[in-house]
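Student: I would like to learn how to read a few features from a set of coordinates. Can we take them one at a time?

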Amino acid sequence: MSSPAKLRYGDKEFELPVVVGTENETALDISKLRAESGLITLDEGYVNTGAVASSITFLDGEAGILRYRGYPVEVVADQCDFLETSYLLIYGTLPTQKQLEEFRCSIQHHTMLHEDMKSFYNGVPRDAHPMAILSSVVGALSTFYQDSLNPHDSRQVEISIHRLLAKLPTIAAYSFKKSVGQPFIYPRNNLPYCENFLHMMFAVPCEDYEVDPDFVRALELLLIVHADHEQNCSTSTVRMVGSSNANLFASISAGICALWGPLHGGANEACVNMLEQIIADGGDVKKYVAMAKDKKSGFRLMGFGHRVYKNYDPRAKLIKHQCDRLLAKLSLKDPLFDVAQELEQVALSDPYFIEKKLYPNVDFYSGVIYRAIGIPVQMFTVLFAMGRLPGWIAHWVEMQRSETTRICRPRQVYVGEKLRPFVSVKDRG
Ligand code: ACO
């Protein structure tokens, strides 16, 4: 236990307990600050605010380290598939063989959607963004499973977790089928998780579909590296919504909405659009780097920079490597990958990017793999959501089980009008 910090304000001094995490991150505990001093802290964007003590994921942005439950993401990606990773994140330990088999079996047998849910898809326009469909249908799960919404009933929570993990790929694949006007393909419970998803995406009733094992491997990796990233915008959203005791489906639906934004999960879609624009504009990478440096242009290099990483994002490294392998294996030459690599090289040798410690993030190369697999751009963020689901669930469960959880309710510094007399409409100028 470190000695407390001291805060002096006016003629008074206040003690702030110091909390030290297992990896020595140090925080000032201000939970009693307002009660004792009348002061609150102001930190827009929560840049310096630890909202919670969590034991799920360790992230050191300066050193470029990411660990799930103590295991480096590189090791997890090498040794586990996505379902084993999900188990690790949600339950906190690596499963035994038996636990893993039971988990897989349960997930594989909850994949179908209630037939009535199909009518949701009839109600949206064909060009609806699949992220809008995803969040709506996930929210709507709470209308079909009203018997399992109690966040304090561990059996109900468990079944909801399995339903969500099992059904999200089906919901996602149906949103794609809707957009191309093809019939929905039912899940096949004899197929593993990622194969089943690719089958539902690309099979059609009129011909056979063989899932390419290279695509499966690439997809497993992408889902695993997206599986958790501690208190990011969407995870914090899930925790915030869940802190009101909202059910798991409602909380995850809110997380999906948060992920959609282009500054978060939507960056993978924005990144591919940007690379395409550069190619269409003659491929002058330097011009776009110059634009990104010019604040007045309002342009940013999508897939570059991160709130926490001030080093190469370890996930981007894994994805770039997978990109190389997959394109070589398929003998594919994707001009997008070439431009992305050139852009990375130019940006990383530019003083602006060096000084601000801006590196490619997880979204910079993921789109190139999705394209190689045949996933359309609008589905990129949906794939991110599928990957992030176990992380969201793990955080929601951790929050629900914690004895110190309270409803999230930040304060503010009010800077609006002071009390003023009301003027009735007939007397206004
Ligand atoms: N291109 C050009 N300049 C950038 C970029 C970029 N991609 N990212 C940050 N900067 C600059 C900012 O202009 C700012 O400069 P200043 O200090 O002179 O004002 C500085 O670097 C710091 O940037 P902030 O926006 O203050 O950093 P913040 O932590 O708030 O934002 C974010 C992080 C949103 C990821 C930002 O880097 C960005 O917009 N990147 C592009 C979008 C993107 O790729 N998002 C995906 C993030 S990963 C994920 O969510 C899965």
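**Salt bridges, cysteines and a sheet**

Tutor: This is a predicted model. The structure holds 17 salt bridges.

Student: Which residue forms a salt bridge with Lys 320?

Tutor: Glu 344 does, with the closest N and O atoms 3.5 Å apart. Lys 320 belongs to helix α14 (residues 314-329) and Glu 344 to helix α15 (residues 335-348), so the pair ties together parts that are 24 residues apart in sequence. Lys 320 is partly exposed at 21% relative accessibility, whereas Glu 344 is buried at 8%.

Student: What links Asp 214, Arg 217 and Lys 329?

Tutor: A network of salt bridges links these three residues. Another salt bridge joins the side chains of Asp 281 and Lys 287, at 2.6 Å from N to O. Asp 281 is partly exposed at 34% relative accessibility, and Lys 287 is partly exposed at 37%.

Student: How many disulfides does the structure hold?

Tutor: A disulfide is a covalent bond between the sulfur atoms of two cysteines. The structure holds zero. For Cys 105, the closest cysteine sulfur is in Cys 194, 18 Å away, which is too far for a bond. For Cys 233, the closest is in Cys 257, at 11 Å, also too far.

Student: In what order do the three strands of the open sheet lie?

Tutor: Strands of a sheet pair through backbone hydrogen bonds, either parallel or antiparallel. Here the order is β5-β6-β7, and the pairing is antiparallel. The edge strands, β5 (57-60) and β7 (71-72), each pair on one side only. Four bridges join β5 to β6 (residues 65-68), and Thr 57 stands opposite Tyr 68 in β6.

Conventions: Residues are numbered from 1 along each chain as its sequence is written. This is a predicted model: local features need pLDDT of at least 70, side-chain atom pairs count only at pLDDT 80 or more; totals for chains, interfaces and linings use all residues. Side-chain values use heavy atoms; hydrogens and water are left out. Two strands pair if DSSP finds at least two bridges between them. Helices (H or I, at least four residues) and strands (E, at least two) are DSSP runs, numbered from the N terminus. A disulfide is a pair of cysteine sulfur atoms within 2.5 Å. A salt bridge is a side-chain nitrogen of Lys or Arg within 4 Å of a carboxyl oxygen of Asp or Glu. Buried means under 20% relative accessible area, exposed over 50%, partly exposed in between (1.4 Å probe, protein chains only).
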